[in-house]
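Me: I have a chain open and want to go through its geometry. Can we take it piece by piece?

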Amino acid sequence: MAISLSYFPILRWLLHAIFCLHIAEAATVTYDFNITWVTANPDGLYDRPTIGINGQWPLPVMRATIGDQVVVKVNNQLGNQSTSLHFHGLFQNGSTSMDGPSQVSQCPIPSGSQFTYNFTVNQPGTYWYHSHNLGQYPDGLRAPLIISDPDLPYNDQVDEEVVISVSDWYHEQMQTLIPKFIYKGNPTGAEPVPQATLMNDTQNLTISVEPGKTYLFRMVNLGAFAGQYIWFEGHNMTIIEVDGVYTETAEAEMIYIGAAQRCSFLITTKNETTTNYAFVASMDTSLFDITPSTLNWNSTGWLVYDKEEELPTPAAVDELDPFDDFTLVPYDNQTLLPEPDQTITFDVVMGVLGNGKPYAFFDNITYVAPKVPTLYTVMSAGQDAANPLIYGEYTHSFVLEKDQIIEIVVNNHDSGKHPFHLHGHNFQAIARSAEDGGDFDATNSSLTDYPAIPIRRDTFVLYPNGHIVMRFKADNPGVWLFHCHIEWHMDQGLIATMVEAPLDLQKSLTIPEDHLAACQAGNVPSSGNAAANTVNFLDLSGQNAAPAPLPAGFTPRGIVALTFSAIAALLGLAVIVWYGMADMDFIASFVSKSGRREHGSHPATLEPRRFLRTSYIPTSRLNPISRDTGLQRSTCRLHQFQHKPQQNLPQSRGFHDYFVTNLPSSSLHPDSRSSTGPHHKLPRSASTPHTPGKGPSPAAAPPMVGPSRELTVVRIPLRSAKHHFGVSVSRGTRPYNEDTYQAGTLDIPAFAKRAPISLSRSGPKSNVGGATSADSASGDPQVFYFGVFDGHGGHECSDFLREELHNYVEKTAELFELGSSLKGKNKQIDVGGPSRDHGASSELSSKGRESLNKIDIKNKEDVEDTMNVPTKNDDGSIQQRPASPTLKSEEPVSVESNKPKTIELEKTLVTQWKETVGGYFRRFRPEYFSLPSSMDGSPPADVPVTIETVLMYAFLKADLDFITAQARKPDPDVHSDNPLNEDDILGEPARLSSAKNRIGGPTRFVGGSTASIVLISTPSPTPFWHPASPSTIAVAHVGDTRILLCATATGLAKPVTTNHHPSTPIESTRLRRYAATFVTDSFGEERMSGLANTRAFGDMRSKRIGVSAEPEIRRVELAPAEYSFLVLVSDGVSGTLSDQEIVDVVKEAKTPEQGAKDVVAYATEVSREGDNATCLVVRLGGWERRVEGGMGSMGTKEVRDYKRREALDPRRGRT
């Protein structure tokens, strides 16, 4: 489409001649609008019914001159819908009945009815007109409205004028889209994403320009949803007007106009014609929960200097950095309005009501239109018009007195932008925060340093999780809406009503007869309060109301569901009892006859239950993903970890389930006579000689005996070192086990703080006993890895984490080119160790004894008040006390890395989350990442690369790979036309094709898993369990699996993780947009979208609402012998036992292995739920004095004994 401007010189001459004649009388401009359906296809992709005027679409641009009387005669011939017209931005001073919103200032215009708008325009500038009924204008009923001004301050600079509209475009009609949007199947309120963006209701717009001229561009965003970034290649924009307010000139390379905003600017063309130039309107995709792969969010136009020259492809932009409209200065220099007479504060919240559908709220009120238009209530209420109650609870009405200064404060508790518009006025924006600026605080002087001459406009964009403060003078009696101009949010109810000087309005206004006739034709009451009560205006019975809030407690349906669940549970218990008491030969015979394989309990073995190996799938292999997953194909080409196809091979190089140390070459228990005690009892029988690979190796643990003994470097499986590590797993009363765990050593550089002087080598460096270690590229002391994973909905996700999460950590460290924290100024790694001048045995042993003796053991009185021990109430019930505060995290330790590469990997990963999942991840900025601000595109923060960065990246990458792998698979809940034997190979149905053997199994897995891992790094080869060894632990955690430390001096449990439940402060803050989706189930547990944990791997259907695997990370420095042991448990343990009970049980055991078994046995014994239970116990330096601190193991003994008695009581009922 081309626009010719050749007629503009003649038009300018005519206008000049008219103005020179000083015509005294203003003109009457009349428009006859016959509103009908037409067919349009502006993006060339889809013919659709569109609302046209006089059989045409695009609609005509309305024009008038300041002072003109405008008459618009509307004839609604749509046939199936009512309509109305609003003239956006016009104050309608003295003519509030012409403003246009249905059920506010008029009744809807029924099909077949006529309606006349008649008003005088006293404001010059750029405006637009659109339907304000039924969410209708995105169906096409919208176009620009231009009010010319002979006194435009910049008239002498303007040669010609160009009007450009930008808009989003949908292929479906609004009456189809709105029910799909406000639907219980869309609880997050994900707005429909448009199919295209348009300029002047077309694409590939061309505008012919002449060299050396200055053009006035009037840009209008007619869109329903998307804001637009605008830029002209090779040309700067000089802003002179926004929303009908002239401004002092401001130069801009890029502007942003939200839905309903306007901006006018001057562009001076170049003096040569050899090149045409592109200009671009780019939709703000940060507003979209998902960005479809088929969407082209850019619309391109061209300034055509020469039609014979090519139209160039626009260049890519590095960042979207628009001009800040808050910095504009009005041309009239109107100063800051005085202090307000009335302040109205709105908190924006998006949530769900009792019908399960998403709504938008100002202060917990969602707008519902009254039965009588609010203006007509004013006109019929007499003195009651000054009482806001008569306008109904759900119109959210405020009565303003004449000439008051009104201040509106809007706090955005939503993670999206909102363009807020006020009818009847423009307002001064006196404060606006950046994204994530929080609520406005009038007592904070840094927020109240208002500009002396604030910018004015009628629509301002409020940033995510921020605030805006606006003022205006109530000098225009009428009924005016204040609302978000994203049409979807209006449909959800993000609207309030300002009833301004209602008693004055009654004296000055008369409702036209044809307006009242429209009410009669549409059977809409035209008098009375919001409930159409004309007798008692305070009686609102029968008013239109919003759905009820989400119910608290049980509903009838819930009671029925609970009843049947209880019956099913009892039947299940009966089967379990029958199974346990029946003769095993009979059961085996029964199973054999039934033709089914036995799916009984899995043996409690330390080896994996099933062999699960996975590979990562490159982006290029992605297939389109079905819509019900909440994911879509990413358009970015992102880095993928590459793994070889999996075969029956040993574990991959790097991660080992063993550690390397030195043992004497003889004696079954070579260190049994060591004076350093039982903390060195390593299992000789389980050891194997270690053969190092090529390249540097990590420093091996030094010998624990004197140098006179002959030494051998050996590998010892962690699971065999019962004096150092123990694990126990139980499926409880469940038929299967979804818990998994992992333990071993990682091939990553050390992250511990460098060894203190006392542990550094004082003599020539030596490798005592010729120790070497497993293949590694670091040469650092071994980094130990322990993890517990609690699956839900199945074991597929927890198995994946067990088998692969450590690989992600190792690979991420390799990709980041992570260096060692032990590297000194000479760039050499100093891992410390015993000196050659002193015997290893004497030095380490003496330091070990010294560290243990230094522990300042506390007595019972010292810790009694701080012990969070459960207590027994008078009625015999157990009162759980709040858990101890979580240990604070130490500051990350920066290490060498490839910082540019790391930042690029971080950016691509975050982009992939945004484009693949959307929703919560649209503005996702993970902690420890160096990402630019999403607001101003400022350079990335100088965040150091640390082990915390590696863990954050590894968790997010693993989670993304898992959920995208599931999205590519068939949904087992969806019927397929594929043959049942599709997977058969050569007639052998037991085998699956390799293509189906992917992450999480052959079919889509929609469950997930929580996870807690701990990495332990030491500054020297002395192992972390030695009393003399300091160490550093890094914990990464999602969900309610739990990690505890036991303080040697006090015997108290010290949590290192928090539970990620919806009600916890850290999670309720992170997910406050979705707070309304938190519900309490029949067992009193708060859940979000049916999930008890708001951070987890997997759970693909809940990702968009914020169920993320972004880990909570803590670094804790452990002084020698400061802690006696470390415990990792699944929620089958922590949900039954208090932290202190867990550590007290471990204290009483002789070995970590026995401690783990005792914890699981006790938790299973006293549990009422019979959940899977897993416990890992890791010995630390203070192990030998574990029972001495505080109350020893006696602090919880009474409670534990009581629980055991209760568990054995035959009267106890399990549910």
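**Notes on the chain**

Reply: Lys1147 has 1% relative accessibility and so counts as buried (buried is under 20% relative accessible area, exposed over 50%, partly exposed in between, with a 1.4 Å probe and protein chains only). This is a predicted model, in which local features need pLDDT of at least 70, side-chain atom pairs count only at pLDDT 80 or more, and totals for chains, interfaces and linings use all residues. Residues are numbered from 1 along each chain as its sequence is written, and side-chain values use heavy atoms, with hydrogens and water left out.

Me: Where does Lys1147 lie, and what does Lys1147 touch?

Reply: Lys1147 is in helix H16; helices (H or I, at least four residues) and strands (E, at least two) are DSSP runs, numbered from the N terminus. Not counting residues up to four places away in sequence, Lys1147 touches Cys1046, Gly1051, Phe1125, Gln1140, Arg1186, Val1187, Gly1192 and Ser1193. Contact means heavy atoms within 4.5 Å.

Me: At what angle do H16 and H18 cross?

Reply: Roughly 95°, and the axes of H16 (residues 1139–1147) and H18 come within 10 Å. Axes are lines fitted to C-alpha atoms, for helices over the stretch in contact, and angles run from 0 to 180 degrees between N-to-C directions. H16 is therefore roughly perpendicular to H18. The cut-offs are under 35 degrees for roughly parallel, over 145 for roughly antiparallel, 65 to 115 for roughly perpendicular, and oblique for the rest.

Me: Which residues meet there?

Reply: Glu1141, Asp1144 and Val1145 on the H16 side meet Val1199, Arg1200 and Lys1203 on the H18 side. By class, the contact of H16 with H18 has two nonpolar, no polar and four charged residues. Here Ala, Val, Leu, Ile, Met, Phe, Trp, Tyr, Cys and Pro count as nonpolar, Asp, Glu, Lys and Arg as charged, and the others, Gly among them, as polar.

Me: And how do H17 and H18 pack?

Reply: H17 (residues 1152–1166) and H18 (residues 1197–1208) pack at about 50°, with axes 8 Å apart. The two are therefore oblique to each other. From H17, Tyr1162, Glu1165 and Val1166 meet Val1199, Arg1200, Lys1203, Arg1204, Ala1207 and Leu1208 in H18. That contact of H17 with H18 divides into five nonpolar, no polar and four charged residues.

Me: Switching to rings. How many aromatic pairs are there?

Reply: The count comes to 42 aromatic pairs. In the pair of Tyr920 and Phe921 the ring centres are 5.1 Å apart and the planes are at 90°, so the pair is edge-to-face. Rings of Phe, Tyr and Trp (its six-membered ring) pair if their centres lie within 6.5 Å; planes under 30 degrees apart count as stacked, over 60 as edge-to-face and the rest as tilted.

Me: Tyr920, buried or exposed? Phe921, buried or exposed?

Reply: Tyr920 is buried at 16% relative accessibility, and Phe921 is buried at 0%.

Me: Which residues form an aromatic cluster?

Reply: One cluster consists of Phe346, Phe362, Phe398, Phe420, Phe427, Phe460 and Phe482.

Me: What sits over the ring of Trp169?

Reply: The charged end of Arg48, 5.1 Å from the ring centre. A charge sits over a ring if NZ of Lys or CZ of Arg is within 6 Å of the ring centre and within 35 degrees of the ring normal.

Me: Backbone next. Which residues does a cis peptide bond join?

Reply: Trp57 and Pro58, with omega about 10°. Pro58 is in the loop between strand E3 (48–53) and strand E4 (62–65).

Me: What is phi of Asp201, and of Asp436?

Reply: Asp201 has a positive phi near 55°, and Asp436 has a positive phi near 65°. Most residues other than glycine have a negative phi, and most peptide bonds are trans. Asp201 is in the loop between strand E11 (196–199) and strand E12 (205–208) and is buried at 8%. Asp436 lies between strand E26 (427–432) and strand E27 (456–457), in the loop, and is partly exposed at 42%.

Me: Last one: how many helices and strands are in the protein chain?

Reply: There are 18 helices and 49 strands. Of the 1215 residues in the protein chain, 57% are buried.
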